[in-house]
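These are brief notes for your reading of the model. Please keep the structure open while going through the points.

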Number of protein chains: 2
Amino acid sequence: MNPTIETILRHRSIRKYENRPLTEEQIRLIVQSAQAASTSSYIQAYSIIGICDPEKKKRLAELSGNQSYVETNGHFFIFCADLYRHQVLADMEGQDISMSLESTEKFMVALIDASLAAQNAAIAAESMGLGICYIGGLRNQLEEVKALLHIPERVIPLFGLTVGYPLQEGSVKPRLPLAHIYHEDSYHSDTEQLQLQLAEYNEVIRQYYEERTNGERRDTWTGQMAHMLARPTRMYMKEFVERSG
Amino acid sequence: MNPTIETILRHRSIRKYENRPLTEEQIRLIVQSAQAASTSSYIQAYSIIGICDPEKKKRLAELSGNQSYVETNGHFFIFCADLYRHQVLADMEGQDISMSLESTEKFMVALIDASLAAQNAAIAAESMGLGICYIGGLRNQLEEVKALLHIPERVIPLFGLTVGYPLQEGSVKPRLPLAHIYHEDSYHSDTEQLQLQLAEYNEVIRQYYEERTNGERRDTWTGQMAHMLARPTRMYMKEFVERSG
């Protein structure tokens, strides 16, 4: 196994960091790595906002559900789906492209582009010995985030990425069985088989939590998921996305 | 610079491969790497379909716009946004979660999850000396792809990923200026500044194409993009996504 795959497989989220900023060189390497990711038809439909201002970090931590590690870390990146520059270039080129920009297809393209870039950034940071955590909580109150960071139309902040020097070990969380995620030649949708795999996985998860909490937590994965999904969150998103073009 | 960042920065798409299948061990490492990516609230909302059957590969190549490298490669992976298993687990747990599953927020979560996983797979493959290419053309005719691979409701194929032993060098395509993609503390939406950066970038791209085509191709990036975006594609996507739940 090579060092890159070792880095990838060792991933765990880090939620406690030294209050020690990354160097400009580290930030540059992380952003360059993000940019090196594949991009659909060369469209490069994303932007990254790095937050240095402590006041803004504090406010973003509040907006993301009071997660202290959004405030205290080495650097906080925000990844955005971005078709604003395409609006600018269409004006330069005298073309009307609004129909494309407002399509579900281009929304998907921008989301995928931004996510591929973000994962490159995450792996690059981890390869330097830094810890990372994605912040989906950034989507809790996107209007406020947009106003705080002066984000224009056609740009949607998707998630944050905290990066920094780890102050905790973290632990690698067991994933669904490979046979459950990975299908060959056809999707295997046999419900009985899937339920068996999920029951097996539940045992793995139950043990994982028991060991880490001295038997106090006895969650299963299906229980956790059903509980979470029974409470729809961020239901304003459809309208928000449509309004952002 | 460490070997992982070197791998990341060396990325270029490979569109010609030996007709030599990956080993099971290589496929397993690639899928495990995909699974190691971060996942929103542990939701693991994606699946991967690997295509071995030559007939299916051939058909998928046709459906993706007759790209021969979809047919001839080491392995062809398809990444799907997947909330089908969550439907299955909700039934196990006796919960109604349809409102969550149909929300724009969960659609975004599944897209992001699948993309983070895919980029881990891509980097893992490249770190083994293999070449990769994302296949967005897979979205040209998704109904046909779904039928061919028996993909159930609540699962949306997003893109393909060809992996294999490269038969070409490929070349690293220059990205937008870092200052254009990366903002600090606020989004810099000043149109004049953006246009200047784009004009500079156009020069880089013009030179890139000129050098590679002995002066025959003289594209700019903004020209390419305006041309592409003036012709909306895959406009069936909104309806398709809504119908897939």
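1. Start with the extent of the interface. Chain A and chain B bury about 10300 Å² between them, and carbon and sulfur atoms give 65% of that area. In chain A, the residues that lose the most area to chain B are A:Tyr42, A:Asp185 and A:Tyr187, which together make up 9% of what that side buries. Bear in mind that this is a predicted model.

2. How many residues does each chain bring to the contact? Chain A supplies 119 residues, and chain B supplies 119 residues.

3. Next, the polar side of the interface. The rule finds 61 residue pairs in polar contact across the interface of chain A and chain B, both residues being at pLDDT 80 or more. Helix H7 of chain A, residues 104-127, gives the most to the side of chain A that touches chain B, namely 15 residues. By residue type, that side of chain A divides into 64 nonpolar, 37 polar and 18 charged residues.

4. Which charged groups pair up? The rule finds 4 salt bridges across the interface of chain A and chain B. A:Glu105 forms a salt bridge with B:Arg139, and their closest N and O atoms are 3.0 Å apart.

Notes: Residues are numbered from 1 along each chain as its sequence is written. Chains are lettered from A and ligands numbered from 1 in the order in which they are written. This is a predicted model: local features need pLDDT of at least 70, side-chain atom pairs count only at pLDDT 80 or more; totals for chains, interfaces and linings use all residues. Side-chain values use heavy atoms; hydrogens and water are left out. Contact means heavy atoms within 4.5 Å. Buried area is the accessible area (1.4 Å probe) that two parts lose on being put together, summed over both. A salt bridge is a side-chain nitrogen of Lys or Arg within 4 Å of a carboxyl oxygen of Asp or Glu. A polar contact is a pair of N or O atoms within 3.5 Å; within protein, one must be able to donate a hydrogen and the other to accept it, and residues adjacent in sequence count only if both atoms are side-chain atoms. Helices (H or I, at least four residues) and strands (E, at least two) are DSSP runs, numbered from the N terminus. Ala, Val, Leu, Ile, Met, Phe, Trp, Tyr, Cys and Pro count as nonpolar, Asp, Glu, Lys and Arg as charged, and the others, Gly among them, as polar.
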